Amino acid sequence: MADVSRLGVDDAGELLTLQRAAYVTEAQLHHDLTLPALTQSVDDLVAELELPHVTALGIKLGARLVAALRLSVHGEVAEVGRLTVVPDLQGRGLGSRLLAAVDDWVPPSVTRVELFTGEHSVANIRLYERKGFVEFKRENVGSYDLVFLARTIVH
Ligand SMILES: CC(C)(COP(=O)(O)OP(=O)(O)OC[C@H]1O[C@@H](n2cnc3c(N)ncnc32)[C@H](O)[C@@H]1OP(=O)(O)O)[C@@H](O)C(=O)NCCC(=O)NCCS
């Protein structure tokens, strides 16, 4: 099984393709085609990848990028965003593997990992709760809520 590696601006094009393909199901579940993951431009994605507090991690099978996430570190908190697996390989453990790798990539100052998903993404919420995440808030974004979950890291 391929390793988790750090992605850079050279991966931006593939990352954008992966994120758009994977987030279609989120958009369908929430009847929302304006999700930032779907509307982000490649220039904005490159700028995000260049931010010093942002790390993109991915799994490649050969030349193909098959899974990715972004880590954004703010002091003691690391936010996980844009967790995505290519549609044809979902449900085979790649997302879980990337989530588990987070602890290896955050600085020792980080004691808490946060992420969010839409309230209708019950399969995602089930996955996150199984991995030790606990809901700590909800935010309304129009016709649905975003569910925020967190877990602690013990270094
Ligand atoms: C959510 C996602 C990253 C999970 O990665 P994965 O590799 O498919 O998941 P794993 O194989 O590691 O774990 C399986 C669990 O993930 C959850 N899951 C969420 N979406 C799933 C999907 N489309 N297919 C299979 N499992 C999914 C389920 O809880 C599943 O467990 P179950 O079989 O008991 O229902 C991936 O399915 C994906 O990219 N989905 C679309 C984009 C998305 O929703 N991203 C998260 C936004 S917050």
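Two exercises with worked solutions follow.

This is a predicted model, in which local features need pLDDT of at least 70, side-chain atom pairs count only at pLDDT 80 or more, and totals for chains, interfaces and linings use all residues. Residues are numbered from 1 along each chain as its sequence is written, and side-chain values use heavy atoms, with hydrogens and water left out.

**Exercise 1.** Find out which strands pair with β7 and why β7 is largely enclosed.

*Solution.* Step 1: strands are DSSP runs of E with at least two residues, and helices are runs of H or I with at least four, numbered from the N terminus. Two strands pair if DSSP finds at least two bridges between them.

Step 1: β5 (residues 112-118) is an antiparallel partner of β7, with seven bridges. Here Phe 116 sits opposite Phe 148 of β7.

Step 2: β6 (residues 134-140) also runs antiparallel to β7, through six bridges. Asn 140 faces Asp 145 of β7 as its opposite residue.

Step 3: buried means under 20% relative accessible area, exposed over 50%, and partly exposed in between (1.4 Å probe, protein chains only). In β7 (residues 145-152), seven of the eight residues are buried, so the strand is largely enclosed by the rest of the structure.

**Exercise 2.** Work out which residues of helix α4 are buried and which are exposed on the other side.

*Solution.* Step 1: α4 covers residues 94-105.

Step 1: its buried residues are Leu 94, Gly 95, Leu 98, Leu 99, Ala 101 and Val 102.

Terms used. Expected span 1.5 Å × (residues − 1).
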